[in-house]
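Me: I've got a new structure open and I'd like to get my bearings. Please start with a term I'll need, then let me ask away.

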Amino acid sequence: MSAKPVRIELSTDEAACLNNALRREMQAAERQRGQPAWIGVDEYVRRLDACIQAVAEAFEKATRT
């Protein structure tokens with residue numbers, strides 16, 4: 001399964017909220033490492049981290065201009 005890029009428009013407030021939610025989810029996922037029910041947690045954390053980076057870069061770019 002290949003991922004296709006998706007473009008969304010958010011206000012800076014919405015982007016900040018999304019960033020916070022992603023960080024909370026990542027913290028929750030990291031606490032689950034080693035739990036049998038979370039076999040794919042490392043990949044999930046990597047994907048969350050990539051999302052956080054994308055949101056942070058977009059937020060930075062939006063607030064610079």
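Reply: A pocket is an open set of points on a 1 Å grid over the protein atoms alone, where a 1.4 Å probe fits and there is protein on both sides within 12 Å along at least five of seven lines; its lining residues have an atom within 4 Å of a point. Before we use that, note that this is a predicted model, where local features need pLDDT of at least 70 and side-chain atom pairs count only at pLDDT 80 or more, while totals for chains, interfaces and linings use all residues. Residues are numbered from 1 along each chain as its sequence is written, and side-chain values use heavy atoms, with hydrogens and water left out.

Me: Which residues lie nearest the centre of the largest pocket?

Reply: The largest pocket has a volume of about 590 Å³, a volume being the space filled by probe spheres set on the grid points, which are joined across faces, edges and corners. Its lining is made of 20 residues. Nearest the centre you'll find V6, I8, A54, V55 and A58.

Me: Which helix gives the most to the lining of the largest pocket?

Reply: A helix here is a DSSP run of H or I with at least four residues, numbered from the N terminus. Helix 1 and helix 2 each supply at least two residues of that lining. With 8 residues, the top contributor is helix 2.

Me: Which residues are buried in helix 1?

Reply: Buried means under 20% relative accessible area, exposed means over 50%, and partly exposed is in between (1.4 Å probe, protein chains only). On the other side of helix 1, D13, C17, R24 and R31 are exposed. The buried ones are A15, N19, L22, M26 and A29.

Me: Why do the buried residues of helix 1 line one face?

Reply: Look down the axis of helix 1 and take the directions from the axis to the C-beta atoms, which is how the arc is defined. The buried residues line one face because they fall within an arc of 90°.

Me: What do the buried residues of helix 1 pack against?

Reply: It works from both sides: V41, V45, L48, I52 and V55 are buried in helix 2, and what covers them includes helix 1. Likewise, the buried residues of helix 1 pack against helix 2.

Me: Leaving aside neighbours within four places in sequence, which residues is N19 in contact with?

Reply: N19 sits in helix 1, which covers residues 12-31. At 16% relative accessibility, N19 counts as buried. Contact means heavy atoms within 4.5 Å, and beyond its neighbours within four places, N19 touches I52 and V55.

Me: How many residues apart are E43 and R47?

Reply: E43 and R46 both lie in helix 2 (residues 41-64), 3 residues apart, about one turn of the helix. E43 and R47 also both lie in helix 2, and about one turn separates them too. Their spacing in residues is 4.

Me: How many Å apart in space are G40 and A50, C-alpha to C-alpha?

Reply: G40 lies in the loop between helix 1 and helix 2. G40 is partly exposed, with a relative accessible area of 46%. G40 and A50 are 10 residues apart in sequence, and in space the gap, C-alpha to C-alpha, is 16 Å.
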